[in-house]
Structures are given as C-alpha cells and as structure tokens.
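Here is a short note for a colleague who wants to check a model point by point. Please keep the structure open while reading.

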Amino acid sequence: MSHHRYIVLSDIHANLSALQAVLDDIRAKYSPDGLMLLGDLIDYGMRSNEIIDKIEGLEYPVLVNLCGNHEKAILDMDLSHFSSDRGREMLMYTASRLSVKSKDYIHQNMTVGGYWDFYLNGLRILAVHGNIDDPLWGKLTIDSSNDTRYSQYDLVISGHIHQPFMFERYFKCDSKAFRNEKKTIFANPGSVGQPRNHNPKAQYLYMDLEAMTFTFQTVDYDIKTEQNLYPTEIDSFYKERLSIGV
C-alpha cells in the first residue's frame, strides 16, 4: 500500500487551542500517512510545554520535524536576530518556563539546521523553515523563489512567514522532452497558531503526493481562551494580534 497523504503544519507558536482544533479537523477529514512539522512549535504563545506534549503523543508518524528560529534561539540563547526588544523579552519569558522535558525534545527530536532534503513518492523535496539562503531566519516568498538552487527540487515546503501559498515556478534546463523547463512546486501551509494573512483562523495544508493536490484548510478555534492566558508583563501585542491574524 503506497503512502502519499501528508499533513504539513508550521508555526504553531505555543497555541494549544489552535493546534487542538487543527488536529480535530484532520481527524474528521483525512487519514494522513504522516505529518511534516516545519518549525516554531514554541514561543509567542503561552503553552509551549503543552504543545510539545501534544506533538509527542500524536498517533501519526512525524516524517519531518524542523527546528524553527525560535527553537534554535532557545538552544543557543542567541537573541541577536530578533528585530525588537519585545521579541527578545518574549523568548526569555518562554525560555524561563520551558521544562527540561521540552528542551530535551527540541535537542533530541528536531532537526537543528532548519531544513531537510529528502526523497518521497519519487519526488525530491526540500522542507525548510526559512529559505535556502538562511534556513532559520530567511523568508521564502514568490519574489525570492527565483533562486536557481530551488530547481533541483520537485517540491519546496516552507514556513516562517505565517502566510500560506502554493505556486509553480519553471526553471530553464536542458530537457527536450519538457521543452527545457524544470517545474518546482512551492508551498507554505501558513501558521497554525499565529497566522499573519489577515485571517485569524488556524491554518494547515493537506498534500496528496500521488494526485499532486494541495488543499489549504482554515479552522475556527477559541482565540479568547489563548488570549486570557497572557500575563500582564507580556506585551499585549502578542495576544491582540491573534484576533485579526497579523
């Protein structure tokens, strides 16, 4: 029996209500052969430990489990890449509350480099949190996808920007049969726990790599429950943005 149905999740960001809603939606609609996690399980939200516990207990095989920039920052406590003081303060808050068990999970189960190059269903796939230049902090967008290094892949799945997309790019190559074009598909599932595409619903991607179909899902969840967990010492920006998806 062939395996070709996969769920892609990214940027859960310690939002347990959003993740639970997504998992309930997956169970209602799909029977996936595995999950691909593109990083940033933790931080920004208030339930990093609970997210890792939930991921550890899933019934699905996890084929890809990337460190995002937030896991990497926790591992080495290098805060220099964050663009704001509030981002640095938020990560310090998360680090102070992350359990030894959660830190061990990041060390032992997540791919530190932020990318994974692999073959699946006859496709060469690049899973990356950021982009090919900077797998942890870089932003892969339509504009930056014209880098010819992507042409070696059939499928590139990425996270980090919290905005879903799927498009095809055709690179020049030496292939008479394909009229000297090499197709690469780019897909981003959007963010489960902190979408930034002006849609506050939890978002994920279902891929059928036999039919080559990509189905984007958005799921309602109890935003207020997550917002009510934020203590007063945390910048209100992080809870307020959940209401409008920015």
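1. Basis. This is a predicted model; local features need pLDDT of at least 70, side-chain atom pairs count only at pLDDT 80 or more, and totals for chains, interfaces and linings use all residues. Residues are numbered from 1 along each chain as its sequence is written, and side-chain values use heavy atoms, with hydrogens and water left out.

2. Overall build. The protein has seven helices and ten strands. Both are DSSP runs numbered from the N terminus: helices are H or I with at least four residues, strands are E with at least two. Along the principal axes, the C-alpha atoms fill a box of roughly 65 × 40 × 35 Å. The radius of gyration is 18 Å, which agrees with the value near 18 Å for a compact globule of 246 residues. That radius is taken over C-alpha atoms, and the globule rule is 2.2 Å times the number of residues to the power 0.38.

3. Of the 246 residues, 54% count as buried. Buried means under 20% relative accessible area, exposed over 50%, and partly exposed in between, with a 1.4 Å probe and protein chains only. The protein exposes about 11200 Å², and carbon and sulfur atoms supply 48% of that area. The areas come from the Shrake-Rupley method with a 1.4 Å probe; for residues, only the protein chains shown count as cover. Among contacts between residues at least 6 apart in sequence, 70% join residues at least 24 apart. Contact means heavy atoms within 4.5 Å.

4. Largest pocket. Its volume is about 390 Å³. A pocket is an open set of points on a 1 Å grid over the protein atoms alone, with protein on both sides within 12 Å along at least five of seven lines; a cavity is a set where a 1.4 Å probe fits but cannot get out; lining residues have an atom within 4 Å of a point. Points are joined across faces, edges and corners, and a volume is the space filled by probe spheres set on them. The largest pocket has 21 lining residues, and Tyr44, Ser83, Lys139, His160 and Arg196 lie nearest its centre. Helices H3 (69-76), H4 (85-97) and H7 (237-240) are the elements that give two or more residues to this lining. By class, the lining holds six nonpolar, ten polar and five charged residues. Here Ala, Val, Leu, Ile, Met, Phe, Trp, Tyr, Cys and Pro count as nonpolar, Asp, Glu, Lys and Arg as charged, and the others, Gly among them, as polar.

5. Largest cavity. How many cavities reach 30 Å³ or more? The count is one. The largest cavity has a volume of about 50 Å³. Its lining includes His13, Ala14, Asn15, Tyr44, Gly45 and Met46, and also Gly193, Gln194, Glu226, Tyr230 and Leu242. Five of the lining residues are nonpolar, five polar and one charged.

6. The H6–H7 loop. Pro231 and Asp235 both lie between helix H6 (223-227) and H7. Pro231 is in contact with Met46 and Tyr93, leaving aside neighbours within four places in sequence. Asp235 is partly exposed because its relative accessibility is 35%. Its C-alpha atom is 6.8 Å from that of Arg86, 149 residues apart along the chain.

7. Positive phi. Most residues other than glycine have a negative phi. Asp11 has phi near 50°, and Asn180 has phi near 60°. Asp11 sits in the loop between strand E1 (5-9) and helix H1 (16-29). At 0% relative accessible area, Asp11 is buried. Asn180 sits in the loop between strands E7 (165-172) and E8 (181-188). At 40%, Asn180 is partly exposed.

8. Gln203. This residue lies in strand E9 (202-208) and is buried, at 2% relative accessibility. Not counting residues up to four places away in sequence, Gln203 touches several residues, among them Pro164, Pro189, Asn197 and Gln217. Its C-alpha atom is 6.4 Å from that of Val219, 16 residues apart along the chain.
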